[in-house]
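Visitor: I would like to go through this protein with someone who can say on what grounds each structural term is applied. Could we take the terms one at a time?

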Amino acid sequence: MKIKALFLDRDGVINIDYGYVYQIEKFEFTDGIFELLNLFLKNKYKLFIVTNQSGIGRGYYTDDDFWKLTEYMLDELKKRDIPIESVEYCNHSPEEICSCRKPQIGMVENILSKYDIDLENSWLIGDKQSDIDLAHNAKIYSSVSIGKRKIINASLSFSTILKFKSYLEENQDKIL
């Protein structure tokens, strides 16, 4: 049986995006993210992270730095009974040609090679146009843009994770 998935961008969705976040002391979870993820888990979704990390390709930090922070993030989520199935990341700079940098679908294809996912009943949450374009390109049916940027083609848009969480709490029986 196919599973429902929630695909999450990291910076700007899971954590506050201060720009090239790679140090634990600068990693701050967004308000409401734990409660939002628990709503999806309660409704039988599996959670996946898909994140562009061009700071690696630009030489600002290393793959090891990324994984140290990722382990910290996953441990903090696990403490709250929030399992992440997989973390996929693109370590290329925007100038490099690759199939994994959003809005290309390489990260999602990698997940699909390991999990039988029902994309029609799945969601992607992002804070940039490339996130929403990834959802469209990968045929993930529902997408949510977070933040104040003008982003087109998202199924839903909210200024904060907290506002999306409140919306879901009121409407989960209709949309999850």
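Guide: What follows is a conversation about a predicted model, in which each term is set against its criterion.

Visitor: What makes the radius of gyration of the protein agree with that of a compact globule?

Guide: For 176 residues a compact globule would have a radius of gyration near 16 Å, and the protein has 15 Å, so the two agree. The C-alpha trace spans about 45 × 35 × 30 Å along its principal axes, and buried residues make up 49% of the 176 residues. Among contacts between residues at least 6 apart in sequence, 62% join residues at least 24 apart.

Visitor: Which elements does the protein have, and what pattern do they follow along the sequence?

Guide: There are 6 helices and 6 strands, and read along the sequence they follow the pattern β-α-β-α-α-β-α-β-α-β-β-α.

Visitor: What is the order of the strands in the open sheet, and which are called edge strands?

Guide: The open sheet of 6 strands has the order β3-β2-β1-β4-β5-β6, with parallel pairing. The edge strands are β3 (86–90) and β6 (156–158), each of which pairs on one side only. From one strand to the next the twist averages 20°.

Visitor: How do you know that β1 pairs with β2 and with β4?

Guide: Two strands count as paired if there are at least two bridges between them. β1 and β2 have 5 bridges, in the parallel sense, and β1 and β4 have 3, also in the parallel sense; both pairs therefore meet the criterion of at least two. As for individual partners, Phe 7 has Phe 48 as its bridge partner in β2, while Leu 6 has Trp 123 in β4.

Visitor: Why is β1 described as largely enclosed by the rest of the structure?

Guide: Of the 5 residues of β1, 4 are buried, and so the strand is largely enclosed by the rest of the structure.

Visitor: What makes a group of residues here a nonpolar core, and which elements supply the largest one?

Guide: The term requires buried residues of the nonpolar kinds, joined through side-chain atoms within 4.5 Å. The largest such core has 35 residues, and those with the most contacts inside it are Phe 40, Ile 125 and Phe 164. At least two residues each come from β1 (4–8), α1 (33–42), β2 (45–52), α3 (63–79), β4 (123–126), β5 (142–146) and α6 (161–175), and α1 gives the most, with 7 residues. Apart from this core lies another, of 20 residues, among them Val 50, Met 107, Leu 124 and Ile 140.

Visitor: Which residues is Phe 40 in contact with, leaving aside its neighbours within four places in sequence?

Guide: With those neighbours left aside, Phe 40 is in contact with Leu 6, Tyr 45, Leu 47, Trp 123, Phe 164, Leu 168 and Leu 176.

Visitor: Why is Gln 53 called buried?

Guide: The cut-off for buried is under 20% relative accessible area, and Gln 53 has 1%, so the term applies to Gln 53. This residue is found in the loop between β2 and α2 (54–57). A polar contact of 2.7 Å joins the side chains of Gln 53 and Thr 51. Not counting residues up to four places away in sequence, Gln 53 touches Arg 10, Asp 11, Val 21, Tyr 61, Phe 66, Tyr 89, Cys 90 and Asn 91.

Visitor: How do you know whether Gly 32 is buried or exposed?

Guide: Gly 32 has a relative accessible area of 10%, and is therefore buried, given the cut-off of under 20%. Gly 32 lies in the loop between β1 and α1, and, its neighbours within four places in sequence left aside, is in contact with Ile 161, Leu 162 and Lys 165.

Terms used. Residues numbered from 1 in each chain as written. Predicted model: local features only at pLDDT ≥ 70, side-chain atom pairs only at ≥ 80, totals over all residues. Heavy atoms only, no water. Buried < 20%, exposed > 50% of the residue type's maximum accessible area, 1.4 Å probe, protein only. Contact = heavy atoms within 4.5 Å. Axes fitted to C-alpha atoms, helices over the stretch in contact; angles between N-to-C directions. Polar contact = N/O pair within 3.5 Å; in protein donor to acceptor, adjacent residues only side chain to side chain. Rg over C-alpha atoms; globule rule 2.2 N^0.38 Å.
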